[in-house]
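I opened this entry to look up charged side-chain pairs. My notes follow the structure.

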Amino acid sequence: MWLIYRHVMNDADVNNSLIMIQPTLMSYTFDVEPHPVLLDSVSIKNDVILLLDTFFHILIFHGETIAQWRKANYQDQEGYENFKELLENPIQDAQELLEDRNPIPRYVVTDQGGSQARFLLSKLNPSTTHMSGGGYGQGPAGQAIFTDDVSLQVFMEHLKRLVCLPLSYKWVNTDDQAVGASTS
């Protein structure tokens, strides 16, 4: 397995190497052109389609409302041509990504709440979890991710508090472990 990974990393161009490190997430909606969004749980909305590219996985994720409309076959009915186009755009973009990749990534199409959605949820920053009321303190947004991990925002706030500790607080190294000790 290590040899395969090493081969892929050595043969990948800069763009593909960056995608392996920082996956891309594109959002498709009715109102705006496809655009990149944050790898964050607040990017999951009922009325969007997301395209995740991790280099090894290409995933199309349908929000709850989009999935219901697709299952009701609205895209095949007259007057819903814009919905049909919305469904086709991420598929076309995914096909373009699949053509250029070696090795060929796993192609997944899933809906919000589906079992394959775990591929997307595992890559997102959990700013909305089962413990929080909403994303970034602005009320409920996005899908709650059930995890014990902290969000990037919580981590950064904790890091800021550690950096701003009083100067009288010193770090002492005992038995190869960093231990906080106060000089007061």
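I looked up R70 and found it partly exposed, at a relative accessible area of 24%. For the cut-offs, buried is under 20% relative accessible area, exposed is over 50%, and partly exposed lies in between (1.4 Å probe, protein chains only). The model is predicted, so I kept its limits in mind: local features need pLDDT of at least 70, side-chain atom pairs count only at pLDDT 80 or more, and totals for chains, interfaces and linings use all residues. Residues are numbered from 1 along each chain as its sequence is written, and side-chain values use heavy atoms, with hydrogens and water left out.

Next I searched the whole structure for salt bridges and got three. My criterion was a side-chain nitrogen of Lys or Arg within 4 Å of a carboxyl oxygen of Asp or Glu.

R70 pairs with D111, with the closest N and O atoms 2.8 Å apart. R70 sits in helix α3 (residues 64-71) and D111 in strand β5, 41 residues apart. I took helices (H or I, at least four residues) and strands (E, at least two) as DSSP runs, numbered from the N terminus. D111 is buried at 12% relative accessibility.

D111 also meets K71 in a salt bridge, at 3.5 Å from N to O. K71 is in helix α3, 40 residues from D111. K71 is exposed, at 58%. I noted R70, K71 and D111 as a network of salt bridges.

Last, I checked R101 and D53: their closest N and O atoms are 2.6 Å apart. R101 lies in the loop between α4 (81-99) and β5 (106-111), D53 in strand β3 (residues 49-53). R101 is buried at 7%, and D53 is buried at 3%.
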